[in-house]
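Biologist: I would like a close look at one part of this model, the packing around a single aromatic side chain. Please take it ring by ring, then move on to what surrounds it.

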Amino acid sequence: MKYQKGDNILLLSSKEEGTVVDIVNDNMVMIEVKGTSFPVYLDQIDFPYFHRFTQQKLVKEKPKLIPGDEIKVDRSKYEVFKTDKGMFLSVLPVYQMDGYDETVKLMKFHLFNDTPHAMRFYFQIWLNNQLDLEIKNEIHPYNHFYLADLIFESLNDNPRFEFTFFLKEPQPKLATSVKKTWKIKPKQMFVQLEQLRTKAEATITYPLFDKFPEKDPEPPAPAEQAKKKAPIATVGSGNFASLLSKIQLQPETSLEPKQEVDLHIEALEKNWKGLSNIAILAIQLNAFQRYLELAISHHQHNLIVIHGIGKGKLKDEIHQILKQTPEVASFVNQYHAKYGYGATEITFR
């Protein structure tokens with residue numbers, strides 16, 4: 001190997017100097033240039049000494065200044081313009097020799113944040129619908145984060161990546177979080193790896209989202225007279241967002257954190273009779289989500305959610321939300337002398 005970790009190198013395309021931080025394989029190394037690490041092929045770099053030796057150094061005599069006549073520098077020419085292209089997942093294949101041919105041994109995954117926002121994120125890898133790895137960390141603006149390695153044979157295990165991103169500094173016009181799922185399609189991956197080799201490129205990049213999403217607009221409050229004329233029984237079926245916009249709910253400002261939340265529909269909505277099952281479930285999940293966020297923002301140690309037994313749909317939906325909430329340390333639905341099996345106790349980190 002021509003290069004070793006710690007060697008100073010010159011990036012031939014931009015004439016920038018950097019350092020070798022890792023050896024990927026016989027044809028590729030990982031370098032760091034101005035605080036950013038990325039992989040390159042060996043023919044894209046060289047040692048910087050010859051370039052330094054042959055580079056002409058032009059020294060200009062400083063102009064003599066008349067006292068009080070300073071030279072003004074136009075600093076706008078040197079401004080670094082930041083972009084806001086979104087969040088990306090990068091795949092770096094690592095090859096090994098198999099007889100006379102190179103085959104992919106494993107794939108290295110990195111997260112690239114090309115936005116001006118610092119974010120907290122919760123990351124999971126699922127193989128054959130079983131949790132294989134989970135990470136909770138932060139990623140800075142215009143930076144990258146190493147996630148994990150995945151051996152190439154794992155493509156046969158239906159790999160699935162689950163992401164949940166949270167703004168480290170909440171913005172009034174932006175959503176509190178965004179969730180993304182990325183599934184590897186083996187056939188598509190094989191084609192892209194072959195194209196990567198043909199183009200002599202190092203990585204495959206997948207966009208997760210363009211920009212952090214904005215908050216959903218709140219539905220306008222209807223006039224009191226319209227409320228009386230619009231019967232709740234006409235809600236019908238549909239997605240949760242449209243259902244909640246048609247149902248009169250308790251205002252956010254009146255909510256206060258609780259240690260115990262009863263999600264029975266009669267405890268949440270007075271005029272619940274005649275509502276469809278999906279409308280009832282929407283109201284219950286909306287109330288649960290708001291009390292969960294209140295508990296987290298007020299740093300509660302635990303929270304008890306009374307969901308009843310029934311067919312278990314509400315409980316299953318609640319548990320799914322809890323699995324995807326990084327602030328939740330654990331939750332349990334076991335027999336309790338007061339609630340039986342109709343409640344889940346949540347413990348926060």
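Is Phe109 buried or exposed, and what is its relative accessible area?

Modeller: Phe109 is buried, at a relative accessible area of 1%; buried stands for under 20%, exposed for over 50% and partly exposed for the range in between, with a 1.4 Å probe and protein chains only. The model is predicted, so local features need pLDDT of at least 70 and side-chain atom pairs count only at pLDDT 80 or more, while totals for chains, interfaces and linings use all residues. Numbering runs from 1 along each chain as its sequence is written, and side-chain values use heavy atoms, with hydrogens and water left out.

Rings of Phe, Tyr and Trp (its six-membered ring) pair when their centres lie within 6.5 Å; planes under 30 degrees apart are stacked, over 60 edge-to-face, and the rest tilted. The count under this rule is 13 aromatic pairs. One of them joins Phe109 to Trp182, edge-to-face, with 6.1 Å between centres and 65° between planes. Phe109 sits in strand β7 (residues 101–114) and Trp182 in strand β12 (residues 177–183), so this pair ties together parts 73 residues apart in sequence; strands are DSSP runs of E with at least two residues, helices runs of H or I with at least four, both numbered from the N terminus. Trp182 is also buried, with a relative accessible area of 11%.

A further pair, Phe152 with Phe190, is tilted because its planes meet at 50°, with the centres 5.6 Å apart. Phe152 is in the loop between β10 (143–151) and β11 (160–167), and Phe190 is in helix α2 (residues 186–199), 38 residues away. Phe190 counts as partly exposed, at 43% relative accessibility.

Phe109 and Trp182 also belong to one aromatic cluster, whose members include Phe121, Phe165 and Tyr206.

Next, the core. A nonpolar core is a set of buried Ala, Val, Leu, Ile, Met, Phe, Trp, Tyr and Cys residues joined through side-chain atoms within 4.5 Å. The largest has 38 residues, and Phe109, Leu111, Phe165 and Trp182 have the most contacts inside it. Strand β8 (residues 119–127) is its main contributor, giving 5 residues. Leaving aside residues up to four places away in sequence, Trp182 touches Phe109, Arg160, Met189 and Tyr206, among others, where contact requires heavy atoms within 4.5 Å. A second, separate core holds 19 residues, including Leu281, Phe288, Leu322 and Phe348.
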